[in-house]
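Subject: Structure handover

Hello,

Here is the structure for you to take over. Please open it first, then read the notes below.

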Amino acid sequence: MSMKASRLINRILTYGFLGILSIVIIYPLLVTASSAFQATNMAAFTLKLDANWGLDNFQRLFSETNYLSWYKNTIIIAVAVMVVQVTLVTLSGYVFSRYRFVGRKYSLIFFLVIQMVPTMAALTAYYVLATVLGAIDSYWLLSLIYIGGGIPMNVWLMKGYFDTIPREFDESARIDGAGHLRIFVQINLPLVRPMLAVQALWAFMTPFNDFLLSKFLLRSNELLTLAVGLQTLISNPREQKVALFAAGAVLAALPIVVLFFFLQKNFVSGLTSGGSKG
């Protein structure tokens with residue numbers, strides 16, 4: 001087979017795979033958007049691009065449900081989880097990368113072991129703990145579980161990213177009289193901005209994506225998160241509010257999309273490539 005024919009086949013296979021992947025991703029989005037804006041009542045999700053579209057479902061969503069409360073609850077939890085988790089992960093990753101101390105190796109192994117335990121296996125334990133602490137219908141324990149669950153693997157990822165930063169930068173700054181805090185804040189922290197952006201996005205998305213844990217720990221309708229609140233709209237087989245669910249799902253994606261576009265300029269790898277040569 002000639003080189004030209006081989007390249008043509010590779011190109012066809014590549015574009016074919018990307019086309020199938022695009023359909024798999026875009027089709028559910030089109031179905032959700034179509035269901036959200038259709039003015040007629042629906043019993044199931046449908047894709048009708050020629051239907052009568054309107055904003056009635058969004059108006060009903062705010063007037064007939066506690067959607068604004070669900071939205072506010074999720075945003076509060078997401079911001080708290082993002083700030084605390086990114087701070088802890090960044091500090092921990094830097095310490096494991098730059099310092100050698102007793103128990104360092106076993107701590108990293110412990111993080112890996114903890115990560116292997118699925119969340120579903122600990123649901124009963126979380127519920128008992130919430131009952132004992134009186135944390136049912138409370139956000140602080142739910143937020144702590146989100147934060148703790150995201151630390152082990154993310155510390156490994158952050159440590160690996162800090163490892164890619166040449167230690168010559170630290171040594172040069174230390175020769176100039178910089179202390180540990182200044183080296184971390186002014187030298188290393190700006191160079192890990194891509195990983196910080198990724199960590200922030202992942203942490204922010206956690207309360208939006210989680211259903212089981214919120215379902216276990218939250219009871220009052222006005223205190224629910226978006227995932228659990230939207231599920232109540234379609235949980236009754238005799239009265240499924242499909243259109244309202246779709247409208248809520250469309251609005252729920254907005255904060256994540258806004259944060260993604262705000263952070264996308266930081267999603268760049270290789271910031272330190274060639275840095276030591278300068």
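Start with helix α9, residues 193–209. It has 17 residues and reaches 24 Å from its first C-alpha to its last, close to the 24 Å expected at 1.5 Å a residue. That expected span is 1.5 Å times one less than the number of residues. Helices here are DSSP runs (H or I, at least four residues), and strands are runs of E of at least two, numbered from the N terminus.

Some ground rules. This is a predicted model: local features need pLDDT of at least 70, side-chain atom pairs count only at pLDDT 80 or more, and totals for chains, interfaces and linings use all residues. Residues are numbered from 1 along each chain as its sequence is written, and side-chain values use heavy atoms, with hydrogens and water left out.

Back to α9. Its buried residues include M195, L196, F204 and F208. Buried means under 20% relative accessible area, exposed over 50%, and partly exposed in between (1.4 Å probe, protein chains only). The buried residues of α9 pack against α3 (67–98), α6 (139–163), α11 (226–232), α12 (242–252) and α13 (254–263). Contact means heavy atoms within 4.5 Å.

α12 is mostly covered, with nine of its eleven residues buried. Among them are V242, F245 and L251. Those buried residues pack against α1 (3–37), α2 (56–64), α3, α9, α11 and α13.

Now T90, in helix α3. Is T90 buried or exposed? T90 counts as buried because its relative accessible area is 5%. T90 touches M158, F162, F184, L189 and L196, leaving aside residues up to four places away in sequence.

Of its 22 lining residues, Q115, T119, G148, G149 and G150 are the closest to the centre. α4 (104–115), α6 and α9 are the elements that each give two or more residues to the lining. The largest share, nine residues, comes from α6. A pocket is an open set of points on a 1 Å grid over the protein atoms alone, where a 1.4 Å probe fits, with protein on both sides within 12 Å along at least five of seven lines; lining residues have an atom within 4 Å of a point.

Last, the record. An unreviewed UniProt entry places "transmembrane region" at residues 12–30, 75–96, 108–128, 140–162 and 242–263. Such annotations may be inferred rather than shown by experiment. In the model, residues 12–30 are 100% helix, with end C-alpha atoms 26 Å apart. Residues 108–128 are 67% helix and 0% strand.

Best wishes
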